[in-house]
Amino acid sequence: MSKFYITTPLYYVNSSPHIGHAYTNIIGDCVARFKRLKNEEVFFLTGTDEHGEKIKLTADECNEDTLYFIDRVVNSFKELWNKLNISYDFFIRTTQDFHIRVVQEVIRYLFEQEDIYKSNYQGFYCIPCESLWTEAQLDNGLCPECKRKVEEIVEENYFFRLSKYQDWLKRYLKDNPNFIKPKIRYNEVLGFLENNDLDDLCVSRPKKRVSWGIDFPIDDNFVVYVWFDALINYISGIGFNQDKDKFNKWWPADIHLIGKDILRQHAIFWPIMLKALNLQPPAMIFAHGWWKVGEEKMSKSRGNIVNPEELIKTIGADGLRYFLLREIPLGMDGNFSWLAIKNRFNSDLANDLGNLVYRTLSMVEKYFECFISGNFEKIPDSFKECLDNLQKNYVPLMESLDFSSVLEEIWQLVNTMNKFIEDTKPWLLWKENKVEDLKWFLFSLLEGIRIMSIYIYPFMPQTSIEIMNQLGRDDKEITLKKAIWQKGSFKITKGKPLFSRIDAD
Ligand SMILES: [Zn+2]
């Protein structure tokens with residue numbers, strides 16, 4: 001059995017989850033479920049980033065104890081993951097003792113080998129971003145990330161030698177063109193490394209300014225820079241410095257899934273941290289795009305957050321998962337609009353998929369009292385090609401995370417089966433008493449639906465299981481090995497239509 005280790009970023013707990021968080025975890029879940037469908041052993045890690053002054057300040061604003069506030073937000077993330085059927089294997093929190101210990105061990109180790117050193121720092125500090133900038137990096141005197149006012153500071157700090165490893169990273173990228181995906185992000189990072197000299201990274205924050213963080217292990221006056229702390233979760237979460245066998249089994253990660261806004265931290269800081277620790281880089285960093293509302297990135301400060309809980313109430317977890325994975329190719333930006341959601345839901349899910357299943361099962365109920373059996377090996381010509389294409393293309397497209405193309409191919413099968421019904425006119429077969437023809441026709445549809453329900457599992461797990469159950473089959477049949485034409489019988493239990501149309505504006 002081959003292993004597969006996938007991670008999401010740790011979400012910062014200064015606010016409740018929004019659709020952007022949901023998007024990342026839905027992608028991660030889709031990949032994890034696909035790998036399990038292929039019978040690979042999967043470890044899927046997600047969690048929360050719980051340090052930094054911003055979190056303490058937000059808790060203060062809410063008049064809440066910091067840890068109480070964090071627990072509350074963490075629960076809202078966990079609840080959302082449950083509602084969306086996110087099948088993570090471990091939820092890591094950076095305030096957990098084992099993580100804190102590993103971060104401190106890493107700092108101590110890097111200090112001892114002189115990759116971390118103390119020096120004077122002069123620069124500009126952005127409190128909301130908790131970022132330090134040089135004068136040249138400022139944007140008209142403002143923070144280049146959030147365009148807010150910055151504070152000038154001079155102080156002692158600890159630094160990590162990013163600069164020492166710049167040439168190594170550049171070479172590594174050139175030797176591994178698939179390290180960062182999509183290509184546009186790879187080019188962005190390589191271009192940056194070729195045109196800029198990396199500054200060493202300031203990895204400490206004085207306690208007088210930042211009190212909510214992991215104690216810097218070699219100096220009581222400081223806490224650890226929150227990004228340096230958070231990135232280490234990818235190794236602490238699978239047993240680094242705690243459980244050697246477990247760690248060696250899972251590391252290196254196969255995919256670090258991230259949003260494109262945190263590319264610098266993952267594609268520059270993190271590989272260099274790993275190199276300094278003598279660990280292999282992850283196999284791939286994949287940076288997906290943003291969902292925008294009216295051309296703007298969604299964020300708390302912009303006040304345009306779309307609440308995933310509300311959407312789930314209206315279109316269900318699978319409806320939301322389907323929309324996000326189908327609407328735009330992974331890596332590109334998308335525009336979030338109710339009209340787009342409604343159209344997709346009504347046409348693809350309620351009409352195409354829902355109707356196919358409902359009317360097929362209705363006919364099996366009406367003509368054969370819910371039971372069909374026979375040695376039907378012949379696949380109807382009209383949808384044999386679609387099935388063959390899916391069998392050929394499904395795995396390679398899924399492996400390259402081309403989800404929207406996979407769904408397009410699955411829907412070709414769905415629509416071809418719908419057309420098969422219209423063309424065959426089963427009510428005429430019934431009238432003319434062609435029982436065997438009618439039986440083969442319905443068996444073919446049931447078998448096509450069964451195979452299709454396996455293919456949609458990573459995208460819409462609930463729907464996949466529901467269809468399998470209506471077909472009278474066990475959930476255990478949801479495995480890629482069974483996505484081939486099989487003789488046999490169906491004892492169906494027709495349920496309600498899978499999706500009911502939305503009329504609300
Ligand atoms: Zn800022």
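**View A. Leu446 is a buried residue of the predicted model.** Leu446 has 25 other C-beta atoms within 10 Å and is therefore buried (20 or more such atoms count as buried, 12 or fewer as exposed, and anything in between as partly exposed, with C-beta atoms placed from the backbone). Its place is in helix H16; helices (H or I, at least four residues) and strands (E, at least two) are DSSP runs, numbered from the N terminus. Leaving aside residues up to four places away in sequence, Leu446 touches Thr360, Val364, Ile372, Leu471 and Phe490, a contact being two C-beta atoms, placed from the backbone, within 7 Å. Leu446 and Leu471 are 25 residues apart along the chain, and their C-alpha atoms are separated by 7.4 Å. Residues are numbered from 1 along each chain as its sequence is written. Because the model is predicted, local features need pLDDT of at least 70 and side-chain atom pairs count only at pLDDT 80 or more, while totals for chains, interfaces and linings use all residues.

**View B. The largest nonpolar core has 143 residues.** A nonpolar core is a set of buried Ala, Val, Leu, Ile, Met, Phe, Trp, Tyr and Cys residues joined through C-beta atoms within 7 Å. Val224, Leu231, Ile410, Leu413, Leu442 and Leu446 have the most contacts inside the largest core. H16 gives the largest share of this core, 10 residues. Apart from it lies another core, of 5 residues, including Cys126, Leu132, Cys143 and Val150.

**View C. Helix H12, residues 338–368, bends at Asn355.** The bend is about 40°, taken as the angle between axes fitted to the seven residues ending there and the seven starting there. Buried residues of H12 include Ile341, Phe345, Leu349, Leu353, Leu356, Val357, Leu361 and Val364; Asp348 and Thr360 are also among them. Elements that cover the buried residues of H12 include helix H11 (308–327), strand E16 (371–374), helix H14 (403–424) and helix H16 (435–455).

**View D. Helices H11 and H12 pack against each other.** Their axes are 10 Å apart and meet at an angle of about 105°; axes are lines fitted to C-alpha atoms, for helices over the stretch in contact, and angles run from 0 to 180 degrees between N-to-C directions. H11 is therefore roughly perpendicular to H12 (65 to 115 degrees; under 35 is roughly parallel, over 145 roughly antiparallel and the rest oblique). The residues of this contact divide into 7 nonpolar, 1 polar and 3 charged; Ala, Val, Leu, Ile, Met, Phe, Trp, Tyr, Cys and Pro count as nonpolar, Asp, Glu, Lys and Arg as charged, and the others, Gly among them, as polar. Ile315, Gly319, Tyr322, Phe323, Arg326 and Glu327 in H11 meet Ala340, Ile341, Arg344, Phe345 and Leu349 in H12.

View E. Most residues other than glycine have a negative phi, and most peptide bonds are trans. Just after H12, Glu369 takes a positive phi of about 50°. Cys370, with phi near 75°, lies in the loop between H12 and E16 and is partly exposed, with 15 other C-beta atoms within 10 Å. Asn140 has phi near 50° and sits in the loop between strand E5 (131–133) and strand E6 (151–160). Asn140 is exposed, with 6 other C-beta atoms within 10 Å. The Lys181 to Pro182 peptide bond is cis, with omega near -10°, and Pro182 is in the loop between strand E7 (180–181) and helix H6 (183–195). Trp251 and Pro252 are also joined by a cis peptide bond, with omega about 0°.
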